[in-house]
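Work through the exercises below with the sequence and the model side by side. Try each task before reading its solution.

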Amino acid sequence: MSTNIADHVRTSLVRKGRWGIGEILFWLIAAATLFLLPERHLILNEIAIIGLFALSLDLILGYAGIVSLGHAAFFGLGAYAAGILAKHGFADPLLGLLIAAIAAAILGFVTSFLVLRGSDLTKLMVTLGVALVLGEIANQASWLTGGADGLQGVSMGPVVGLFEFDIFGTTAYAYSLVVTFLLFIVARRIVVSPYGLSLRSIRDNPLRARAVGIPVNRRLVAVYTLSAAYAGVAGALLAQTTQFVSLDVLAFHRSADVMLVLVIGGVGYLYGGLIGAIIFKVLQDVISAWTPQYWQFWIGLILVIIVLAGRERLTERVRTLWKGVAGRTAKSPEPLPKTSVREI
Amino acid sequence: MAIALETKGLVKRFGGLQATDNVSFQLQQGARHALIGPNGAGKTTFINLLTGVIKPTAGQILLEGQDITGLRPELRVQRGLARTFQINQLFPAMTPLETIGLAVSERTGGGRDWWRVTGSKRDIIDDIVDIAQRFRLTDVLDERTSNLPYGKQRLLEIAVAFACRPRVLLLDEPAAGVPEAERHELLATVAALPRDVSVLLIEHDMDLVFSFADRISVLVNGALFTEGTVEEVSTDPRVRAVYLGESVDE
């Protein structure tokens, strides 16, 4: 009897660490687009970068319950760090990623102490404020950043010394996709670890989390720093693959867009950011081709519908359909916390 | 007998209000000790002082002889002082399995472990199974906590605290709100707590107090009013007076 339960407990816990068929399929398709959609590599590159950026937001929003309206601060810092580095002759992309990640992580670590106090509204305002401050610094420090003209003269070396960036965006997409995939694997591993479990417990009930002996603030600082590093890498990927950085990387709409992407895709299961990025970019592409001036109107409308109709209900229907088609998937994603959508 | 938990001259003032008034209290090792008192007697403040949620104005708190007065709440838990809550404080979106797994992982230092899948260690699994069986949660391990019947949630409330392997366990009205049908199961598990855990029970329900405790302290207006065996306290006319709301001349 007791060993039966032990087996059950083990499989039930360890199952979360295993990859489901749907997940493997997702990444196989992503890899296949490299070969099947050669003329789409530029937009696919953007999707991969936004996906990684949204993934970084999911780490704090979906798993730790930290809301942010200023995540672009880290994205932008990473972009500028990588861009400035390349402009001054350090053209190796991987070195740029590393430096960008470190710079963003340091900023994340320092600002986490401001962000982690107070209510959700306070968090929204503080994160927004940090991003605005950074945007203005980048604007004023034109000797370093190029200011409003943007950072010109970024030229990247080949990836791992072998693959030159091309005008079709093929190297760029492959590079961004691989980096996003590797960072995804790390994130996926973290969220099923005891550390990841402790984050979810803090999101659910910080009072009890503390009563279980969890140093709540330290855990939140750690995940905020990690999330900032991820966002920094996403920004660096954009700077490196477009070989240009403008103030746009720190703009408010970056922070808002990434939140939008996550709401579309859903929080708290890591794929939300990636799926949201695909939907968001494709919608933007389709709608702006159809009506260039008014695409934001439609995006706005869709956002309202998604939030009001309840994303859970929509995905539940899709999931039921999927189960009907595929029989039984190995892993059913986490049920979404209701609060997260409401908080937005 | 050794003392598990002790307060010396503990005082807490909120502005002009003396919520805890010079309380010197001792919990013996392995004790089944109840803390009772009318509403507003300062029981909750006392618990919050013990667990470190609030800091005392004056006085000392000792856990197994060591001063923990200035220690943060989570460090007290790690030293072996765990509590349950009068109103359930659970993780609604997690399963009982995850909840217990979390507490066990934290205790074994697993919370700092971010590269291993939860539950991939043998001893953690054994611990989870042991606790799930002890608190009769084996049949609901994979349910969402928010979907559990209230009685099961109450059991989980104690199970989480127990999973921290406390030396001292503070039970804050464990049976509060539990319907009659589920009550027996809960009381049985509380009675079956191992003897190496010292228990301080904060309770309104006199049946539970008399059946569980071997010593009782009475808190009135923030101060220790009296203390003694169940026999002594239950027959003390002054305690009756306090509970019936009559004035007591002291």
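A residue counts as buried under 20% relative accessible area, as exposed over 50%, and as partly exposed in between. The model is predicted.

**Exercise 1. Assign the geometry of the ring pair A:Trp27 and A:Phe184, and say where its members lie.**

Step 1. Set the rule. Rings pair if their centres lie within 6.5 Å; planes under 30 degrees apart are stacked, over 60 edge-to-face, and the rest tilted. The count by this rule is 15 aromatic pairs over all chains.

Step 2. Apply it. The ring centres of A:Trp27 and A:Phe184 are 5.1 Å apart, and the planes stand at 50 degrees, so this pair is tilted.

Step 3. Trace the chain. A:Trp27 is in helix 2 (residues 21-36) of chain A and A:Phe184 is in helix 8 (residues 170-191) of chain A. The two are 157 residues apart, and the pair links distant parts of the chain.

Step 4. Check burial. A:Trp27 has 10% relative accessibility and therefore counts as buried. A:Phe184, at 0%, is buried too.

Step 5. Widen the view. A:Trp27 and A:Phe184 sit in one aromatic cluster with A:Trp19, A:Phe26, A:Phe181 and A:Tyr271.

**Exercise 2. Do the analysis again for B:Phe25 and B:Phe46.**

Step 1. Take the geometry. The centres of B:Phe25 and B:Phe46 are 5.8 Å apart, with 85 degrees between the planes. This aromatic pair is edge-to-face.

Step 2. B:Phe25 comes from strand 2 (residues 17-28) of chain B, and B:Phe46 from helix 1 (residues 43-51) of chain B. They are 21 residues apart, and the pair links distant parts of the chain.

Step 3. Check burial. B:Phe25 is buried at 1% relative accessibility. B:Phe46 is buried at 2%.

**Exercise 3. Which charged ends sit over the rings of B:Phe85 and B:Phe225?**

Step 1. Start with B:Phe85. The charged end of B:Arg83 sits over this ring, 4.0 Å from its centre.

Step 2. Turn to B:Phe225. Here the charged end of B:Arg238 sits over the ring, 5.1 Å from the centre.

**Exercise 4. Build up the open sheet of four strands in chain B.**

Step 1. Begin with the hairpin. Strand 1 and strand 2 of chain B form a hairpin with two residues between them. B:Gly15 in the turn has a positive phi of about 60 degrees.

Step 2. Describe that pairing. Strand 1 (residues 3-14) and strand 2 of chain B are antiparallel over eight bridges. B:Leu10 stands opposite B:Val23 in strand 2.

Step 3. B:Leu5 has B:Leu63 as its bridge partner in strand 4.

Step 4. Strand 4 and strand 5 of chain B pair antiparallel over two bridges. B:Leu62 stands opposite B:Asp67 in strand 5.

Step 5. Write the order. The sheet reads 2-1-4-5 in chain B, with antiparallel pairing. Strand 2 and strand 5 (66-67) of chain B are the edge strands, each pairing on one side only.

**Exercise 5. Where do A:Gln243 and B:Arg165 lie, and are they buried, partly exposed or exposed?**

Step 1. Take A:Gln243. Its phi is near 55 degrees, a positive value in a residue other than glycine. A:Gln243 lies in the loop between helix 11 (216-242) and helix 12 (252-265) of chain A. It is partly exposed, with a relative accessible area of 27%.

Step 2. Take B:Arg165. This residue is not a glycine, yet has a positive phi of about 50 degrees. B:Arg165 is in the loop between helix 5 (150-163) and strand 7 (168-172) of chain B. At 39% relative accessibility, B:Arg165 is partly exposed.

Conventions:
Residues are numbered from 1 along each chain as its sequence is written. Chains are lettered from A and ligands numbered from 1 in the order in which they are written. This is a predicted model: local features need pLDDT of at least 70, side-chain atom pairs count only at pLDDT 80 or more; totals for chains, interfaces and linings use all residues. Side-chain values use heavy atoms; hydrogens and water are left out. Rings of Phe, Tyr and Trp (its six-membered ring) pair if their centres lie within 6.5 Å; planes under 30 degrees apart count as stacked, over 60 as edge-to-face and the rest as tilted. Buried means under 20% relative accessible area, exposed over 50%, partly exposed in between (1.4 Å probe, protein chains only). A charge sits over a ring if NZ of Lys or CZ of Arg is within 6 Å of the ring centre and within 35 degrees of the ring normal. Two strands pair if DSSP finds at least two bridges between them.
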